[in-house]
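This report describes a strand and helix arrangement, together with selected residues within it. The sequence and the model are shown first.

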Amino acid sequence: MKMTEQLKKAQANLVPGAIVEEGFLGHDRRPLADIIQHDEEAFAEHGLSWDAVAERLKYLLVEGEKGLGEPVTVEGKWRVFVYEARGQFACPWEDGLFHKDSVTVQRLENGKPVGDRLVFNQLCIHMLEKHHFLEGLGSSFRLHPAALRNVLNL
Ligand SMILES: [Zn+2]
């Protein structure tokens with residue numbers, strides 16, 4: 001994938017301190033275009049649809065907010081906890097502002113949380129949906145394709 005001007009601008013916003021203190025790239029040193037292309041390939045390998053994943057994450061966020069700060073069980077399948085945080089993040093692509101509330105989701109098996117834990121916020125959902133960006137390797141909010149498949153049950 002080519003590094004367009006738009007991607008170059010976004011990449012400059014992904015470094016530590018530009019928008020968030022720790023940045024969005026973790027220890028990943030690849031160009032943004034390569035990170036996105038690799039995750040697009042991973043989505044295809046796992047049979048994941050970007051829209052379906054985004055819809056499921058939005059649904060879990062909305063359901064989790066109903067807990068008003070307490071963990072909730074959704075459809076008997078997920079444990080969802082929404083941590084309310086003040087303020088907003090700007091998208092690194094400079095096309096919107098998103099609440100900082102963070103969501104933690106785990107799959108339930110016999111009522112007990114098991115396996116991978118997804119941690120994300122509205123900006124993560126937006127970047128996934130609009131930019132196919134899951135954050136760099138080692139970033140604390142990175143959404144691993146395999147973890148998305150395992151937890152979201154898609
Ligand atoms: Zn954006």
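How many bridges join strand S1 to S2, and in which sense do the strands run? Three bridges join S1 (residues 72-74) to S2, and the two strands run antiparallel. The model is a predicted one, in which local features need pLDDT of at least 70 and side-chain atom pairs count only at pLDDT 80 or more, whereas totals for chains, interfaces and linings use all residues. Residues are numbered from 1 along each chain as its sequence is written.

**The sheet**

Helices (H or I, at least four residues) and strands (E, at least two) are DSSP runs, numbered from the N terminus. Two strands pair if DSSP finds at least two bridges between them. Strands of a sheet pair through backbone hydrogen bonds, either parallel or antiparallel. Here, four strands form an open sheet in the order S1-S2-S5-S6, with antiparallel pairing. S1 and strand S6 (112-121) stand at the edges with a single partner strand each, so one side of each is left without a neighbour in the sheet. From one strand to the next, the twist averages 25°; for such angles, axes are lines fitted to C-alpha atoms, for helices over the stretch in contact, and angles run from 0 to 180 degrees between N-to-C directions.

| Strand pair | Bridges | Sense | A bridge pair |
|---|---|---|---|
| S1 and S2 | three | antiparallel | Val72 and Val80 |
| S2 and S5 | six | antiparallel | Trp78 and Arg107 |
| S5 and S6 | eight | antiparallel | Val103 and Phe120 |

Strand S2 (residues 78-83) presents a covered face of Trp78, Val80 and Val82. Its uncovered face consists of Arg79, Phe81 and Tyr83. Arg79 has 19 C-beta neighbours inside 10 Å and therefore counts as partly exposed; a residue is buried if 20 or more other C-beta atoms lie within 10 Å of its own, exposed if 12 or fewer, and partly exposed in between, with C-beta atoms placed from the backbone. Not counting residues up to four places away in sequence, Arg79 touches Pro71, Thr73, Gln106, Leu108 and Pro113, where contact requires that the C-beta atoms, placed from the backbone, lie within 7 Å. Arg79 and Leu108 are 29 residues apart in sequence, yet their C-alpha atoms are 6.5 Å apart in space.

**Two hairpin turns**

Most residues other than glycine have a negative phi, and most peptide bonds are trans. Which residues in the hairpin turns take a positive phi? In the hairpin of S1 and S2, which has three residues between the strands, Glu75 has a positive phi of about 55°. Glu75 counts as exposed because it has 10 C-beta neighbours inside 10 Å. The hairpin of S5 and S6 has two residues between the strands, and there Asn110 takes a positive phi near 50°. With 5 C-beta neighbours inside 10 Å, Asn110 also counts as exposed.

**Helices and their contacts**

Two packed helices are described by the angle between their axes and the distance between the axes. The axes of helix H3 (residues 50-65) and H4 come within 9 Å and cross at roughly 165°. That angle makes H3 roughly antiparallel to H4, since angles under 35 degrees count as roughly parallel, over 145 as roughly antiparallel, 65 to 115 as roughly perpendicular and the rest as oblique. H3 contributes Trp50, Val53, Ala54, Leu57 and Lys58 to the contact, and H4 contributes Ile125, Leu128 and Glu129. By class, this contact has six nonpolar, no polar and two charged residues; Ala, Val, Leu, Ile, Met, Phe, Trp, Tyr, Cys and Pro count as nonpolar, Asp, Glu, Lys and Arg as charged, and the others, Gly among them, as polar.

Helix H5 lies across S5 and S6 and runs at about 125° to S6.

Leu134 is placed in the loop between helix H4 (122-131) and helix H5 (145-152). Is Leu134 buried or exposed? Leu134 counts as buried because it has 27 C-beta neighbours inside 10 Å. Among the residues that Leu134 touches are Asp39, Leu128 and Arg142, not counting residues up to four places away in sequence. Leu134 and Leu148 are 14 residues apart in sequence and 11 Å apart in space, C-alpha to C-alpha.

Key: Two residues are in contact if their C-beta atoms, placed from the backbone, lie within 7 Å.
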